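Open the model in your viewer and keep the selection panel at hand. The stops below can be taken in order.

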Amino acid sequence: MKKYFHEKKIKKTLENCLRMLAYLQQAFFVNYLEKDYIKRKLHYQRVLNAKTKAFFRAIIKASDLINSTSKYWDIFCKINHLSEIIFSLNQLRFRVDDYTTFKICARELQAIEALSVKIFLQLAILFFKKNTFDISTFEEKIHDFEGIYNRTLQIVSVDPLVFMFFIQDLYALYDEMKNLQQAISSLNETVSKSIYA
Amino acid sequence: MHNLLYGTKRHICRIIIALSVAFIVNQYYSFSSQWWLPLATFFVMLTYTGSAIYQGILWYVCFLIVIWIVSYLFGATELIQVRSYDVTLGALIGIMTNVLIFPDRVDVSFRQSVSFIMKYYISYLRAIVHLLLTQQQQAAETEKILLEKALQRLPTWVYETGFDFTLQKGYRYFVMKISEVSEILFSIHHLARYPFPNELLEVIKIPLLESLKKIEQFFESLIQVLNLKNVIGETFDFYQDIEMMESHFKKKVPLNLDIIDVSKEYVYLIEFIYNMRELHAILIKMAEALREDNI
C-alpha cells in the first residue's frame with residue numbers, strides 16, 4: 001500500500017514537471033508572438049522568471065523522490081533533457097536583433113508553440129490515463145517552418161545560421177518527446193502487467 | 001511574501017515586534033475593539049525585499065477597501081469609520097516597523113544571492129565541458145540539480161513594482177543577465193550530450209579548455225567584487241579563445257550552409273561555439289555593469 005502511494009506521488013510529481021514545462025514553453029514563445037514584447041520586455045521577463053522557478057521547484061521535488069535505481073529515472077532524465085532543449089530553442093530571441101523577422105514566420109511559430117504545449121500536457125496525462133495521440137503532427141509543423149526558412153528567412157535574416165540552430169533544436173525536441181511518450185507507455189504497460197501477474 | 005515564505009530572520013523579527021506593538025496599541029487605543037489593527041499590521045508587512053513602503057501602502061488600500069465592502073455587506077456601515085481608523089493605525093505601525101527596525105539590506109541580499117548562484121555556474125560549466133569531452137553524464141546531472149536549487153534564490157524581487165527607484169535599473173539589468181547565463185548553460189548542456197566524434201572535439205579542445213579556465217577566473221573575480229573584496233581591474237581577453245575555436249573549426253569544416261545543413265554534428269558544434277561566444281559577451285556586460293557602480 002505504501003509503495004502504491006509512493007509511486008502515485010512520483011507520477012504526480014512528474015506530471016507536474018511536464019505541466020510546468022508546458023507553461024515555460026508558452027512563456028518563452030511570447031517573445032516571438034506578442035507584438036508588445038519589446039515595449040513590455042520587463043513584464044515578460046518577470047513572467048518567464050516565475051515560470052522557470054516553478055519548473056525548477058517541480059524538478060527539484062522529483063529529484064528528491066527519484067534516484068538512479070528507480071524505474072522512473074529514465075523518464076526523469078528525459079524531462080530534464082526536454083527542459084534543456086527548450087532553453088536552447090529559445091536562445092533565438094537573443095540572436096535576432098530585428099524582431100520584425102518573426103512576423104514573417106509568426107503563423108508557423110504559433111503552430112509550433114500551440115502543438116508543443118499540447119503535447120506536453122498530453123504526456124502529463126499519459127501517466128494516469130491511457131491516451132493515444134499522434135506526435136508526428138509536430139514534425140509536420142517543423143517541416144512548415146523549415147519551408148519558410150528555405151524560402152524566406154535564409155534570405156532576409158542577417159544570420160540565417162541561428163534559424164538553422166532553431167530547426168535542429170526543434171527536431172531534437174520532437175525526438176525527445178517521442179522517446180518520452182514511448183518510455184511512459186512502456187512503464188504503464190510494465191505496471192499493468194505486474195498488477196495482473 | 002517572498003520574505004515571509006523564505007522566513008528570513010530579519011523579517012520574522014520585524015513581524016513579531018510589529019505585532020507585539022500592534023496588540024498593545026489595540027488594547028488601549030483601538031476604536032472598534034476588534035482585531036483589525038493587528039491584522040492590518042500583519043498584512044502590510046507582507047512585502048517583497050526593497051518594496052516595503054510602496055507595497056505596504058498598496059496592501060493598506062486593499063485592506064481598507066475590503067473592510068468597507070465587508071461592512072456594507074454585513075450591514076455594519078456605522079463601524080466603517082472606526083474600523084478604518086484601526087486599519088490605518090495598524091498599517092502605520094507595520095510600515096514604520098518594516099522601514100525602521102531591521103530594515104531590508106537590499107544591496108547585501110542582492111550580492112549574497114547573486115554570488116551564491118555564480119559559484120554553481122562555475123561547477124556546472126566545468127561538468128558540462130567534462131561531459132562534452134568524455135561523455136560522462138553523472139557530474140553534469142548532479143551539478144544541474146544543485147544549480148536549479150541555487151536559482152531558487154535568484155533575486156526576482158527586483159522586478160516588483162515599488163522596488164527602490166534609484167537601484168531598479170542596474171539591479172534588474174544584472175538579474176536579467178544572470179538569467180541569460182543560466183539559459184546559455186542549459187543550452188550548452190543539451191548540445192554537450194551529443195556524441196561528437198573525437199577528431200571533431202580535438203579541433204576545439206585546447207581553446208575550449210583555455211576559455212573554460214578564463215570563464216572560471218572571471219566568475220571568481222565577479223564573486224570577489226560582489227563580496228566587496230576586489231575591483232575588476234584586469235581585462236579578460238575572451239574573444240581570442242573563441243576566435244581560435246572558430247578558426248580551427250573553419251579549417252576542419254567549411255562554413256557552407258549546404259554542407260552544414262546535412263550534418264547534425266556540425267550544426268551542434270557551431271551552436272556550441274555560438275553559445276560560448278554569447279556567454280563571454282554577457283560576462284563582459286556584467287563586468288561593465290559592476291564597474292559603473294550600479295550595484
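Predicted model: local features only at pLDDT ≥ 70, side-chain atom pairs only at ≥ 80, totals over all residues.

Residues are numbered from 1 along each chain as its sequence is written, chains are lettered from A in the order in which they are written, and side-chain values use heavy atoms, without hydrogens or water.

**Stop 1.** Select B:Arg83, in helix H5 (residues 80-100) of chain B. B:Arg83 is buried and has no salt bridge. Buried means under 20% relative accessible area with a 1.4 Å probe, protein chains only; a salt bridge is a side-chain nitrogen of Lys or Arg within 4 Å of a carboxyl oxygen of Asp or Glu. The nearest side chain of opposite charge is B:Asp86, 7.6 Å away. Beyond four places in sequence, the contacts of B:Arg83 (heavy atoms within 4.5 Å) include B:Trp36 and B:Ile67.

**Stop 2.** Go to helix H3 (residues 36-44) of chain B, where the buried residues include B:Trp36, B:Leu37 and B:Val44. Among the elements covering the buried residues of H3(B) are helix H2 (9-29) and H5 of chain B.

**Stop 3.** Which residues have the most contacts inside the largest nonpolar core? Among them are A:Leu14, A:Ile79 and B:Tyr121, in a core of 139 residues. Such a core is a set of buried Ala, Val, Leu, Ile, Met, Phe, Trp, Tyr and Cys residues joined through side-chain atoms within 4.5 Å. A second, separate core of 13 residues includes B:Trp36 and B:Ile67.

**Stop 4.** Finish with H12(B), which gives 6 residues, the largest share, to the lining of the largest pocket.

Technical notes:
Helix = DSSP H or I, 4+ residues; strand = E, 2+ residues; numbered from the N terminus. Buried < 20%, exposed > 50% of the residue type's maximum accessible area, 1.4 Å probe, protein only. Lys, Arg positive; Asp, Glu negative; His and termini not counted.
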